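User: I would like to learn how to read contacts in a structure. Please take me through the one shown here.

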Amino acid sequence: MIERGTIFCDNNMAEVKIIGFGEGIPKRCVSNDALTTLVDTNDEWIRSRTGIQQRYIATDETLTDLCTQAAQNALEQAGITAEQLDLVIVATLTPDLALPNASCMLQKSIGAVNAACFDLSAACSGFMYALNTARMYIKGGAAKYALVVGGEILSKIIDWTDRSTCVLFGDGAGAAVVAKSDEPGILDIVLGTDGAKGEALMLEERPSDNPFRRQYIEENGAIETNLPSAGSFVSMNGQEVFKFAVKRVPECIFKILENTGYSVEDIDYYVLHQANLRILSCVAKKIGVSYDKFYVNLDKYGNTSAASVPIALVEMSKKGMLKKGMKVIMVGFGGGLTWGGGLVII
Ligand code: COA
């Protein structure tokens with residue numbers, strides 16, 4: 001069934017379960033205080049407006065290094081080998097190279113020789129979009145085991161002289177191994193997009209330049225386009241993104257609950273994209289559930305975009321918080337503007 005702006009998935013085919021999580025985090029930890037040497041900011045402003053206390057920034061690590069670490073950890077927890085993977089999807093905005101893409105480089109690095117590999121671009125919702133894609137391959141019988149990775153080296157697309165963005169982000173990767181299962185796993189995923197609001201979070205692509213275009217400009221003057229110029233770094237209208245998140249995320253959660261027949265209280269944990277503490281508490285208030293059910297680790301990592309949800313799940317798993325049978329709602333949201341949420345049974 002397809003409705004405007006939102007994709008609902010048919011739940012009547014094979015069950016699909018997440019059977020392993022893993023993370024790859026850069027070594028270098030950067031405190032809020034360290035950023036005061038780069039821009040006019042302070043620890044108190046960053047903590048009170050965002051909840052972030054530190055982030056990890058890649059120095060000698062590539063995206064492939066971080067994704068490899070995450071993938072190997074996830075494969076180990078899943079108890080399968082890289083050769084058993086039929087599919088590798090990397091959700092990223094920041095591949096090491098445009099060609100080969102991040103998933104091909106990861107395939108080479110982990111030896112997933114039997115997997116079809118591709119990248120997926122859906123910004124901070126990328127992990128959820130990739131998870132749903134893998135789920136559909138498995139449900140449709142086109143794959144048995146899939147590796148889904150959300151990974152970013154955002155530090156390379158951030159303007160380190162812009163205090164309104166550089167304090168927010170961090171680098172990292174998170175991975176999940178997804179498999180066909182006899183028991184319930186991923187019960188539902190709801191995805192959505194509002195492209196009309198895309199200018200709220202932008203990153204310019206390589207400018208178009210070819211001899212024919214130059215000739216056209218010589219003969220006709222500058223080309224008028226309706227594409228806004230964002231500069232070569234991430235630019236953001238923070239308040240627009242904030243308003244978008246606190247509207248769309250609760251809607252997404254309610255849609256998942258409606259589709260699956262559960263109530264807000266039935267859910268053991270809400271694992272949302274780790275963008276801002278105020279967004280998380282606002283969402284908790286809007287859906288009327290105790291904030292204790294919201295997992296928070298943005299204080300440690302900042303906003304790691306597509307990596308934030310799987311990194312949070314790894315931490316929860318390591319702390320023994322995720323018990324078999326628990327119900328967890330995950331939601332990613334961000335650039336596009338996009339959002340994607342799902343309900344999984346652990
Ligand atoms: N340190 C100190 N001051 C800063 C600052 C920083 N790092 N960044 C901005 N400021 C200043 C601004 O210049 C402004 O000063 P002014 O009042 O003199 O003009 C003031 O703080 C308030 O800025 P504003 O942008 O209105 O703050 P805000 O309360 O909206 O908080 C965000 C900014 C970015 C933290 C907030 O809008 C937000 O979290 N939005 C969502 C962003 C997000 O999650 N994006 C990723 C989604 S995937």
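**Reading salt bridges and ring pairs**

Analyst: Start with Glu 61. Glu 61 is buried, at a relative accessible area of 12%. Buried means under 20% relative accessible area, exposed over 50%, partly exposed in between (1.4 Å probe, protein chains only). The model is predicted: local features need pLDDT of at least 70, side-chain atom pairs count only at pLDDT 80 or more, and totals for chains, interfaces and linings use all residues. Residues are numbered from 1 along each chain as its sequence is written, and side-chain values use heavy atoms, with hydrogens and water left out.

User: Which residue forms a salt bridge with Glu 61?

Analyst: Side chains of opposite charge can pair when their charged atoms come close. The cut-off is a side-chain nitrogen of Lys or Arg within 4 Å of a carboxyl oxygen of Asp or Glu. Here the partner is Lys 27, with the closest N and O atoms 3.1 Å apart. Lys 27 sits in the loop between strand 3 (15-24) and strand 4 (28-31), and Glu 61 in the loop between strand 5 (54-57) and helix 3 (63-78), 34 residues apart. Helices (H or I, at least four residues) and strands (E, at least two) are DSSP runs, numbered from the N terminus. Lys 27 is exposed, at 58%.

User: How many salt bridges does the structure hold?

Analyst: It holds 15. One of them joins Asp 194 and Arg 248, at 3.7 Å between the closest N and O atoms. Asp 194 lies in the loop between strand 10 and strand 11 (201-202) and Arg 248 in helix 8 (residues 238-260), so this pair ties together parts 54 residues apart in sequence. Arg 248 also bridges to Glu 251, at 3.1 Å. Those two are three residues apart in helix 8, about one helical turn. A network of salt bridges links Asp 194, Lys 197, Lys 247, Arg 248 and Glu 251.

User: How do I read aromatic pairs?

Analyst: A pair of aromatic rings is described by the distance of the centres and the angle of the planes. Rings of Phe, Tyr and Trp (its six-membered ring) pair if their centres lie within 6.5 Å; planes under 30 degrees apart count as stacked, over 60 as edge-to-face and the rest as tilted. The count here is five aromatic pairs. Phe 118 and Tyr 137 form a tilted pair, 6.2 Å centre to centre with 35° between the planes. Phe 118 is in strand 7 (residues 116-120) and Tyr 137 in helix 5 (residues 126-139), 19 residues apart in sequence. Phe 118 is partly exposed, at 26%.
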